[in-house]
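User: I am new to this structure and would like to go through it by question and answer. Please show it first.

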Amino acid sequence: HELRTPIAAIRAAAETLLGGAVDDRSAARGFVEIVARHAERLARLTQDLLDLSRIESRQLRIETAVLDAAPIARQVVELLAPTAREKGLSLATEVPEGTSVRADARALEQVLVNLVENGIKYTSQGSVTLAGGRDPEQGVVLTVTDTGPGIERHHLPRIFERFYRVDAGRSRDLGGTGLGLAIVKHLVIAMGGEVTVESGSSGTRFAVRLAAP
């Protein structure tokens, strides 16, 4: 289904163009935009599938080392700040300097990008905050908290399954592939950690727990 939908849309638009719509300049642009939008969706889906396959088959080498999580958190926020501004959201990082964690730098960055991007995507007003620090019992805990509409309790046990969506139609409209949280889960596990989610009417909070040095 995830592949059939964009392929069907591209095929239908192309057939309409070939059937004569290409000569109608105003109509043609609309169909070309459909092709471009769904081609981009296919590209994202293909990349996510490749990433997940590499992680699950252990072709992606995960090498943990002692890192400072603060600079990585700042890079993630700087990367996604323009997207947050476009939606009028406040995006901040509250990871103290010197928050040492045992992790793979690239994997940790991808995990945080996916979680922050997810928060921005599903929050229409308010804020998304990336925070973290040492916990005496749980090592290092990095959290991404948003002020979105929250996720109903019965969805939470399945939220990290591949292609599982709380609202399939809305997720597709916002460009989601349904694989981002599955990738997060596998990367965190590969680094020897755990990821959990809590949600209510005031928003959602993802927590990534990793070993402290």
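**Aromatic pair and strands**

Analyst: A search of the whole structure finds 1 aromatic pair. This is a predicted model, in which local features need pLDDT of at least 70, side-chain atom pairs count only at pLDDT 80 or more, and totals for chains, interfaces and linings use all residues. Residues are numbered from 1 along each chain as its sequence is written, and side-chain values use heavy atoms, with hydrogens and water left out.

User: Which residues form the aromatic pair, and is it stacked, edge-to-face or tilted?

Analyst: Rings of Phe, Tyr and Trp (its six-membered ring) pair if their centres lie within 6.5 Å; planes under 30 degrees apart are stacked, over 60 edge-to-face, and the rest tilted. Here the centres are 6.0 Å apart, with 80 degrees between the planes. The pair is Phe160 and Phe206, edge-to-face.

User: Is Phe206 buried or exposed?

Analyst: Buried means under 20% relative accessible area, exposed over 50%, and partly exposed in between (1.4 Å probe, protein chains only). The relative accessibility of Phe206 is 3%, so Phe206 is buried.

User: In E3, what is the bridge partner of Leu67?

Analyst: Strands (E, at least two residues) and helices (H or I, at least four) are DSSP runs, numbered from the N terminus. Two strands pair if DSSP finds at least two bridges between them; E1 (residues 65-68) and E3 run antiparallel, joined by 4 bridges. On E3 (residues 100-103), Val101 and Ala103 make up the covered face. The partner of Leu67 is Val101.
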